[in-house]
Amino acid sequence: MSPLLRRTPRKNPAERTVTLIGKPDCHLCEDAEAVIEKVCGELGTPWEKKDITQDEELYRKYWEQIPVVLVDGEQHDFWRVDPKRLRTALGG
């Protein structure tokens, strides 16, 4: 079978990592954190939070998009986090 047609096995949600990139006192970041906390908690997915005010590279890359959500290091969403879309991306 062609490699293009082969499906790669889905990762277990517990094997994924979600990263929230935001800044303090950001209401959209707080909203995103609530969604991530709920979805990741239900699926057993580990997640972390990074502050762009403490990381110059993240600041340059994401300043106009925060909050930004990464799944396994790849950008998944920004500004608003849709719980259904996040759950699907995590395989839940």
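I began with the strands, where two strands count as paired if DSSP finds at least two bridges between them. Helices (H or I, at least four residues) and strands (E, at least two) are taken as DSSP runs, numbered from the N terminus. The model is a predicted one, in which local features need pLDDT of at least 70 and side-chain atom pairs count only at pLDDT 80 or more, while totals for chains, interfaces and linings use all residues. Residues are numbered from 1 along each chain as its sequence is written, and side-chain values use heavy atoms, with hydrogens and water left out.

**Strands**

I looked up the hairpin and found that β3 and β4 form it with two residues between them, and that Asp-72 in the turn has a positive phi of about 55°. Strand β3 covers residues 68-71 and β4 covers residues 74-78, and the two pair in the antiparallel sense over four bridges. Within this pairing I noted Asp-77 of β4 as the bridge partner of Val-69.

I then turned to β1 (residues 18-22), which pairs with β3 in the antiparallel sense, again over four bridges, with Val-71 of β3 as the bridge partner of Val-18. Strands β1 and β2 run parallel and are joined by five bridges, and here the partner of Val-18 in β2 is Trp-47.

For burial I used relative accessible area, calling a residue buried under 20%, exposed over 50% and partly exposed in between (1.4 Å probe, protein chains only). Five of the five residues of β1 are buried, so I recorded the strand as largely enclosed by the rest of the structure. Val-18, Leu-20 and Gly-22 lie on one side of β1, with Thr-19 and Ile-21 on the other. Strand β3 is also covered on both faces, with Val-68 and Leu-70 buried on one side and Val-69 and Val-71 buried on the other.

**Helix α1**

I checked the length of α1 (residues 27-43): at 1.5 Å a residue its 17 residues should span 24 Å, and the end C-alpha atoms are 25 Å apart, which agrees. The expected span is 1.5 Å times one less than the number of residues.

The buried residues of α1 are Leu-28, Cys-29, Ala-32, Val-35, Ile-36, Val-39 and Cys-40. Seen down the axis of α1, these buried residues fall within an arc of 130°, so they line one face of the helix; the arc is that of the directions from the helix axis to the C-beta atoms. The face turned away from that buried side carries the exposed residues His-27, Lys-38 and Gly-41. Taking contact as heavy atoms within 4.5 Å, I found that the buried residues of α1 pack against β1, β2 (47-51), β3 and α3 (83-89). Just after α1, Gly-44 takes a positive phi of about 75°.

**Cores**

I took a nonpolar core as a set of buried Ala, Val, Leu, Ile, Met, Phe, Trp, Tyr and Cys residues joined through side-chain atoms within 4.5 Å. The largest has twelve residues, including Val-18, Ile-36, Val-69, Val-81 and Leu-90. The elements giving two or more residues to this core are β1, α1 and β3, and its largest share, five residues, comes from α1. Apart from this core lies another of ten residues, among them Ile-21, Leu-28, Tyr-62 and Ile-66.

**Gln-75**

I located Gln-75 in strand β4 and noted that this residue is partly exposed, with a relative accessible area of 39%. Not counting residues up to four places away in sequence, Gln-75 touches Tyr-62, Gln-65, Val-68, Val-69 and Leu-70.

**Backbone and rings**

I found the peptide bond from Ile-66 to Pro-67 to be cis, with omega near -5°; Pro-67 sits in the loop between α2 (56-62) and β3. Asp-25, in the loop between β1 and α1, has a phi near 60°, a positive value in a residue other than glycine, and counts as exposed at 77% relative accessibility. Trp-79, in the loop between β4 and α3, has a positive phi of about 65° although it is not a glycine.

A search of the whole structure gave two aromatic pairs. Phe-78 and Trp-79 form an edge-to-face pair, 4.7 Å centre to centre with 70° between the planes. Rings of Phe, Tyr and Trp (its six-membered ring) pair if their centres lie within 6.5 Å, and planes under 30 degrees apart count as stacked, over 60 as edge-to-face and the rest as tilted.
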